[in-house]
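Subject: Structure handover

Hi,

Here is the structure for you to look over. My notes on it follow below.

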2 protein chains.
Amino acid sequence: MELIKYILLQDLINKIKGTISLSPEAEQYIYTIAKKKVVSKDEILIFQGQSVTKTYYVTQGCLRSFCIDKDGKEHTLQFAIKDWWISDFMAVYSNELASLTVQCITDATVVEFNTKKLNEIYSQFPEFEVFQRKNLERHVVSLHKRILNQLRMTALERYHLFLTQYPDIEQHTPNYHIASYLGITQQSLSRVRAENTKK
Amino acid sequence: MELIKYILLQDLINKIKGTISLSPEAEQYIYTIAKKKVVSKDEILIFQGQSVTKTYYVTQGCLRSFCIDKDGKEHTLQFAIKDWWISDFMAVYSNELASLTVQCITDATVVEFNTKKLNEIYSQFPEFEVFQRKNLERHVVSLHKRILNQLRMTALERYHLFLTQYPDIEQHTPNYHIASYLGITQQSLSRVRAENTKK
């Protein structure tokens, strides 16, 4: 087994073992389908409008997924840092073309999985159903919270929450990425940041 | 078997059978834990701040889940019509107290499930893992779309989408429910509706 891949995947394997009992065969399957990928700042891994064949597990650096609207404006759905998954899951789960772009915000190391091979894990090793259900349940919780926070919080409160959730991202990403995640203009973000500095 | 419950659950059972092969024992388990409940307009099924022990499958009528912020303002997370599930899933999946209220918007008929008994279905009938994973995947897709639409669409576009997604709700629900789902003020909703009528 390639040592570097083994090291990269240890956190993921340990996380899986924390939820389900992982057979040596299932563990081996994960190593077999995983591919280490070193990517550079600004590199694009998934292109809006194209088919989505890969899902990424981040081991270092920061990526984001966003869509570009008809006026060319970007809207950020997700940031992904160490131990997060990123892809266009709308496309993967609905078997549609990408409506998102996935881009590296910093130089990064990711583990690349072919979505088809990753999906075959459920028939080969059904114990993964439990792991994925619990993953998806947690993801649903975070999405429900994000929707509610978007409805009930002020821009300043959402910015504070963002700093708590992604403490390391602010220094690596331009203002307009954060503004496009919070759903506010860059001018509003600058004002919010100024208010924040005063406190 | 109680005939009325059998009829009420037929759509759900057929939907499950469309995804997985359902054993007679598993089907029987669903009937055993299901409880028909006729509820009245404005009745509250889950109270914000209390523990959540029930999940509801709607067979008739309309319900909504919402949170009340510190200023007493309501924010609607979800509407649920025939064949939809509703509960406070943040509370259920994270084992926390309810941060939502679930209320009937119209007189309604629901099938009530005890969340603990519903959760036991996975260990007793592991084939349900596949069904629930696919359910959750679809739910994630719809939540990703909602977040993106909140970021990229105008209030008018979101209102049009709402009318497409929930064509029967508008006549049953006061303006402020819809406004609190779209994340706009009632005044904006009235303006948007007036623009809509002009077209």
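Start with A:Glu137. Leaving aside neighbours within four places in sequence, A:Glu137 is in contact with B:Tyr93 and B:Leu136. Bear in mind that this is a predicted model. A:Glu137 is found in helix H5 of chain A. Is A:Glu137 buried or exposed? A:Glu137 counts as buried because its relative accessibility is 10%, and the cut-off for buried is under 20%.

Now the interface as a whole. Chain A puts 37 residues into the contact, and chain B puts in 37 residues. Between them the two chains bury about 3,400 Å². Carbon and sulfur atoms account for 73% of that area. On the chain B side, the residues that lose the most area to chain A are B:Arg133, B:His144 and B:Leu151. Together they make up 19% of what that side buries.

In a salt bridge, the side chain of B:Glu129 meets that of A:Arg133, at 2.6 Å from N to O.

Which elements of chain B give two or more residues to the side that touches chain A? They are strand S5 (74-80), helix H3 (89-94), helix H6 (128-152) and helix H8 (175-182). H6(B) gives the most, with 18 residues. By type, the residues on this side of chain B are 17 nonpolar, 10 polar and 10 charged.

Then the core. The largest nonpolar core has 22 residues. Those that touch the most other members are A:Leu100, A:Ile147, A:Leu148, B:Leu100, B:Ile147 and B:Leu148. Helix H5 (128-152) of chain A and H6 of chain B are the elements that give two or more residues to this core. In soluble globular proteins, nonpolar side chains tend to be buried together.

B:Ile147 deserves a look of its own. What does B:Ile147 touch, not counting residues up to four places away in sequence? The residues are A:Leu77, A:Leu143, A:Arg146 and A:Ile147.

Last, H8(B). This helix is mostly covered, with six of its eight residues buried. The buried ones are B:His177, B:Ile178, B:Ala179, B:Ser180, B:Tyr181 and B:Leu182. B:Gly183 follows H8(B) and has a positive phi, near 75°.

Best wishes

Key: Residues numbered from 1 in each chain as written. Chains lettered and ligands numbered in written order. Predicted model: local features only at pLDDT ≥ 70, side-chain atom pairs only at ≥ 80, totals over all residues. Heavy atoms only, no water. Contact = heavy atoms within 4.5 Å. Buried area = accessible area lost by both parts, 1.4 Å probe. Salt bridge = Lys/Arg side-chain N within 4 Å of Asp/Glu carboxyl O. Helix = DSSP H or I, 4+ residues; strand = E, 2+ residues; numbered from the N terminus. Nonpolar A, V, L, I, M, F, W, Y, C, P; charged D, E, K, R; others polar. Core = buried A, V, L, I, M, F, W, Y, C linked by side-chain atoms within 4.5 Å. Buried < 20%, exposed > 50% of the residue type's maximum accessible area, 1.4 Å probe, protein only.
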